[in-house]
Structure formats: C-alpha cells, structure tokens
Amino acid sequence: MTMHHDLTRWEQTHDYGSGNLRAERGTRLVLWITLATMVGEIAAGWGFNSMALLADGWHMSSHALAIGLSSFAYAAARRYAGDARFAFGTWKIEVLAGYTSALFLLVVAALMVFGAVDRLLAPQPIRYAEAMVVAVLGLGINLACAAILHRAGTHHPEHGHDHTHKHAHDDLNLKAAYLHVLTDALTSVLAIAALAGGWRYGWAWLDPVCALVGAALVGLWARNLLRQSGSALLDREMDHPVVEEIRAAIGALPTGAQITDLHVWRVGNGAYACALSLLTHDASLTPLHVRAALAVHEEIVHATVEIHHCDECPPPAV
C-alpha cells in the first residue's frame with residue numbers, strides 16, 4: 001500500500017525571483033523616450049533636409065533595438081518564471097539579452113570606425129551650427145535616460161534579499177541597456193568637443209578622430225560585457241567567493257563530512273544553486289542538516305545534496 005507523506009520538509013522552492021521590476025519599468029520608459037527622439041529627429045531631418053539629423057535619428061534606432069531587447073527580456077523572464085521547462089528559472093533570458101546587446105555594441109563601434117576612417121580619407125563639409133544643436137539635444141536626452149536606468153538599478157526587489165550583500169552581482173541586462181545609453185552620451189560629448197574645435201579653429205579632422213576614440217571605448221565596454229554575460233551563460237562560477245563559503249559551511253559541520261564533488265552556478269541576480277556530494281562516517285547526517293548549514297548564506301537559494309556513508313573504518317579519535 002502506498003503511503004502519502006507531507007513532503008514540505010524535503011521540498012525546495014524553484015522560484016528564484018520575479019525579476020527586477022524597477023529595471024523593467026526603467027528600460028521600457030527609456031525605450032519610449034529613445035523611440036520618440038528617433039522619430040522626431042528623422043522627421044525633422046526630412047523636413048529640414050538635414051543629413052545630420054537624419055544620421056543621428058537612424059543611429060538611435062540601433063540603440064532603440066537593443067534597449068527594446070532588454071525590456072523584452074525582463075518581460076519574458078517574468079512571464080515564464082513559473083514554467084517548469086526552465087529547470088533553474090528564467091534569469092538567463094536576461095543574460096542572453098545582455099550578451100546580444102554587447103554584440104550590438106561591437107557593431108556600433110565598427111560602424112563608428114568605418115565612418116571615421118571614411119571621413120579622414122574623404123573630408124566632407126560640416127554644418128556646425130545644426131550639428132551642434134543635434135549633439136547637445138542628444139546629450140541631454142541620454143543623460144536623462146542614464147539617470148532613469150541608474151535609479152532603476154539602485155534597488156533589486158527580487159528574492160526578498162538584501163542585495164547590498166558583498167557578493168551581489170550587477171544586473172547584466174540592465175547594464176547592457178545602460179551601456180547603450182552611455183555610448184550615445186559619449187558620442188554626443190565627443191561630437192560637441194569635435195564640433196567646437198572645428199567650428200572655432202577649422203580642425204575638421206577632429207570630428208573623425210574623436211569618433212575613433214569613442215569607438216575604442218565602446219569596444220572596451222562591449223568586450224567587458226561579453227566576458228561577464230558569457231561567463232554567466234557558461235556557468236563559470238567556481239572561482240566566485242560563494243564557493244568558499246559553501247566549503248566553509250560544510251567544513252564547520254560536526255560530522256566531519258568531506259566534499260567529494262561540488263558544482264555552483266547562478267540562477268538570478270545574486271542568487272546561486274549548488275549540487276554537492278559528501279562523504280561521511282556519521283550515519284546521522286542528512287541533506288536537511290546540510291541545507292540548514294548553507295541557509296546562513298542567503299544567496300544560496302537551491303541545494304541538491306548527495307551523501308555517501310563511508311563503509312571503511314572511521315579514523316581513530318585524537
């Protein structure tokens with residue numbers, strides 16, 4: 001006859017957070033601002049026959065696409081949070097969006113290099129007054145968007161955890177959106193400096209040179225974001241301090257248990273899962289004891305524990 005038990009003591013939650021709702025709202029607001037600015041600049045460019053306005057408008061479309069991807073990732077991760085097909089949650093939807101945005105940034109940097117080299121080889125007359133207005137307007141809008149995203153990143157309500165913990169990680173999806181906004185702001189700052197020098201001193205070469213400097217910085221930002229998001233996608237976490245915290249917690253058990261296998265990976269912003277195998281001579285040690293020892297580290301939200309009871313003679317007491 002099958003016995004029915006209350007499994008509450010042995011079950012573990014698979015809810016690793018409902019996402020960063022503030023970041024989702026922030027990226028959505030920035031997306032609408034970017035789209036409105038893009039449409040306004042393209043319309044004004046057509047109306048006033050201004051190539052500067054048209055170019056900046058179409059340039060903003062690439063950032064609108066990337067920020068839209070970040071916003072979509074938050075919504076998708078939240079929508080499918082309860083879907084059992086995602087074994088360890090949907091957080092990596094956000095990470096994948098951050099990785100893709102980093103690739104977009106590399107494309108932007110490459111286009112900046114191409115445009116700058118073309119201008120160095122074949123200088124074009126610059127309509128300084130009009131271009132300066134566009135650059136100042138773009139800078140103001142991007143600074144406002146950066147402030148919105150920075151505010152969105154100052155608080156993370158997921159998990160109910162305190163994310164000021166010393167091992168908390170950045171939201172890579174939000175960081176990707178933030179970098180796209182900063183890229184536009186940097187472009188505007190460099191453009192203002194280059195236009196001022198060209199307008200006052202006739203240094204037309206300063207415009208493409210500043211573009212090359214901006215492209216180099218954007219490339220560095222993109223590389224760092226690719227490295228961080230790529231590491232998360234590949235579960236490269238075994239050098240993180242949380243691994244030593246797990247080893248220390250197991251070492252502090254009075255049973256003398258030893259870790260024979262350990263795997264740690266991220267399942268959310270500042271949230272980790274682990275799978276570990278232990279060897280012990282103490283037959284009383286259970287997975288519940290191990291989970292209780294790990295519970296002091298709130299970033300460990302899921303633990304799969306395997307215990308092997310050694311059949312050899314225990315070591316002599318000292």
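Author: In this predicted model, Thr 37 is found in helix α1, which covers residues 21-48.

Reader: Why is Thr 37 called buried?

Author: The relative accessible area of Thr 37 is 11%. Buried means under 20%, so Thr 37 is called buried.

Reader: What makes the pair of Ile 33 and Thr 37 a polar contact?

Author: The backbone oxygen of Ile 33 lies 2.8 Å from a polar atom of the side chain of Thr 37. The cut-off for a pair of N or O atoms is 3.5 Å, and 2.8 Å is within 3.5 Å. Not counting residues up to four places away in sequence, Thr 37 also touches Met 60 and Ile 141.

Reader: How do you know that strands β1 and β2 pair?

Author: Two strands pair if there are at least two bridges between them. Strand β1 (residues 258-268) is joined to β2 by 9 bridges, and the two run antiparallel. Ile 259, for instance, stands opposite Leu 278 in β2. The hairpin of β1 and β2 has 2 residues between the strands, and Gly 270 there takes a positive phi near 75 degrees.

Reader: What makes β2 and strand β3 a pair?

Author: The requirement is at least two bridges, and 9 bridges join β2 to β3 (residues 300-309). These strands run parallel, and Leu 279 stands opposite His 308 in β3. From β2 the chain crosses through helix α8 (residues 287-294) to β3, in a right-handed β-α-β crossover.

Reader: How do you know that the span of helix α3 is close to the expected one?

Author: Helix α3 (residues 91-121) has 31 residues, and at 1.5 Å a residue the expected span is 45 Å. From the first C-alpha to the last, α3 reaches 46 Å, which is close to that value. Among the buried residues of α3 are Trp 91, Val 95, Leu 105 and Met 112.

Reader: Which residues touch the most other members of the largest nonpolar core?

Author: Leu 276, Val 290 and Leu 294 do so, in a core of 21 residues. The elements that give two or more residues to this core are α7 (241-251), β1, β2, α8 and β3. The largest share, 5 residues, comes from α7. Leaving aside neighbours within four places in sequence, Val 290 is in contact with residues including Ile 250, Leu 276 and Val 305. A second, separate core has 16 residues, among them Val 108, Met 112, Ala 176 and Ala 222.

Definitions and conventions. Residues are numbered from 1 along each chain as its sequence is written. This is a predicted model: local features need pLDDT of at least 70, side-chain atom pairs count only at pLDDT 80 or more; totals for chains, interfaces and linings use all residues. Side-chain values use heavy atoms; hydrogens and water are left out. Helices (H or I, at least four residues) and strands (E, at least two) are DSSP runs, numbered from the N terminus. Buried means under 20% relative accessible area, exposed over 50%, partly exposed in between (1.4 Å probe, protein chains only). A polar contact is a pair of N or O atoms within 3.5 Å; within protein, one must be able to donate a hydrogen and the other to accept it, and residues adjacent in sequence count only if both atoms are side-chain atoms. Contact means heavy atoms within 4.5 Å. A crossover is right-handed if, with the strands pointing away from the viewer, the path from the first strand over the helix to the second runs clockwise. The expected span of a helix is 1.5 Å times one less than its number of residues. A nonpolar core is a set of buried Ala, Val, Leu, Ile, Met, Phe, Trp, Tyr and Cys residues joined through side-chain atoms within 4.5 Å.
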